[in-house]
Amino acid sequence: MAGILISPSKYVQGAGELKKLGEYAEKYGKKALVLITSSGFQRIGELVEGSFAGKGAAAEFGYFNGECSKTEINRLIQVAEEKGCDMVIGIGGGKILDTAKAVAYHKSMPVLVCPTIASTDAPCSALSVIYTDEGVFEEYLFLPANPNLVLMDTEVITKSPVRLTVSGMGDALATYFEARACKNSGAATCAGGLSTSAAMALAELCFQTLMEEGVKAKIALSAGACTPAVEKVIEANTLLSGIGFESGGLAGAHAIHNGLTVLEECHHMYHGEKVAFGTIVQLVLENIPSDELEDIITWCIELGLPVTLKELGVTEVTDEKIMAVATAACAETDTLHNMPFEVAPETVCAAIKAADAYGQFYLGN
Ligand SMILES: [Zn+2]
């Protein structure tokens, strides 16, 4: 199998960069369909509109109805046709960005994504997650290319709720360990090949950045301050983790996350919060040295990421519930099988129980 690395064509990150969106956009087309929610428009619509003034490209705003579904994608394709748009721009959270990518793909147009939060590593990827109109997961839409441009305005992200950026750190925490597992097992990555030294290096840098800057960044964000630590964490959450997961591969942590979705009680938790706990479970399965495990669990605690099932919302922990999570995580099609050793629901169940107990131990419960 060949080594493959994929990435967005251009990544821009800085304070106030959204003010230059029009300038960036004019390089890709003449008229952009700009997807945004109405509340997003109220917050930053004027700024975005102003960025197109006097530029070689125009902006046609289309309000996003809240779900990345086939109905919504088709509706927006029609809007793009009616208005004569030749590029798509998504501004907002994950579902808007995924919708923008899907609309652009169906119309063979360039796509520019502008995340207003740093809560997952999805923006840079060549992937859209499609839901039904009711919000139930339907399918993954694998795209032939990553976004043409990913633009992170750190000033805008600094104003988003701190819990979202912390959750992004939870998602990014998994990246290095999942990439390492895939490398050791020789599993194919989401990019459709083996991982490369480049992807591994980015995944490792992602982890180092989180450990060195994560707590500092959280405290600064709580004070509404955009500092160098915040900038580094935004890059780790979005670019390093984005390329790291897609070209380095997914393994235990995300499979455990998927397993946790069978528990209704965890539904209110964010993706990255569940992935952080999934990472600890993977590390227990790998039996990493106790000082390393301690460092990671205490880092999670300092950030406020959940380290026990109770913190994930499970009020009454039972063997049945843990076994249900473990069984779902071991599903034939899931990435737990990318681990470099055999996994079975029984061993995963034990690892979840132990991870939960370690969490309680370090919390001092
Ligand atoms: Zn993730």
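Start by selecting the zinc ion: Asp171 (OD), His254 (NE2) and His271 (NE2) coordinate it at 2.1 to 2.2 Å. Donors here are N, O and S atoms within 2.8 Å of the metal (3.2 Å for Na, K and Ca), and since water is not among the atoms, sites may look incomplete. Along the chain, the donors follow the spacing D-x82-H-x16-H. Asp171 sits in helix α6 (residues 162-185) and His271 in helix α10 (residues 271-286), so this pair ties together parts that are 100 residues apart in sequence. Helices (H or I, at least four residues) and strands (E, at least two) are DSSP runs, numbered from the N terminus.

Before you click on, a word on what is loaded. This is a predicted model, where local features need pLDDT of at least 70 and side-chain atom pairs count only at pLDDT 80 or more, while totals for chains, interfaces and linings use all residues. Residues are numbered from 1 along each chain as its sequence is written, and side-chain values use heavy atoms, with hydrogens and water left out.

Asp171 is buried, at a relative accessible area of 0%, whereas His271 is partly exposed at 27%. The cut-offs: buried is under 20% relative accessible area, exposed is over 50%, and partly exposed is in between (1.4 Å probe, protein chains only).

Next, show the sheet. It is open, has six strands in the order β1-β8-β5-β4-β2-β3, and its pairing is parallel. Strands count as paired if DSSP finds at least two bridges between them. Look at the edges: β1 (11-14) and β3 (58-63) each have a single partner strand, so one side of each is left without a neighbour in the sheet. On average, neighbouring strands of this sheet are turned by 20° against each other, direction ignored.

Now select β5, residues 111-115. Is this strand enclosed or open to the outside? Five of its five residues are buried, so β5 is largely enclosed by the rest of the structure. Both faces are covered, with Val111, Val113 and Pro115 on one side and Leu112 and Cys114 on the other.

Strand β4 (residues 87-92) runs parallel to β5 and is joined to it by five bridges, with Val88 partnering Val111. Strand β8 (residues 149-153) also pairs with β5 in the parallel sense, over two bridges; here Leu112 has Leu149 as its bridge partner, and Val113 stands opposite Val150.

Last stop: helix α7, residues 197-222. Show helix α8 (residues 228-248) with it; their axes come within 8 Å and cross at roughly 150°. Axes are lines fitted to C-alpha atoms, for helices over the stretch in contact, and angles run from 0 to 180 degrees between N-to-C directions. The two helices are therefore roughly antiparallel (over 145 degrees; under 35 is roughly parallel, 65 to 115 roughly perpendicular, the rest oblique). Zoom in on Cys206, which lies in α7 and is buried at 0% relative accessible area. Cys206 and Ala236 are 30 residues apart in sequence, but 5.1 Å apart in space, C-alpha to C-alpha.

Finally, bring in helix α11 (residues 290-303), which packs with α7 at an angle of about 30°, the axes 10 Å apart. That makes α7 roughly parallel to α11.
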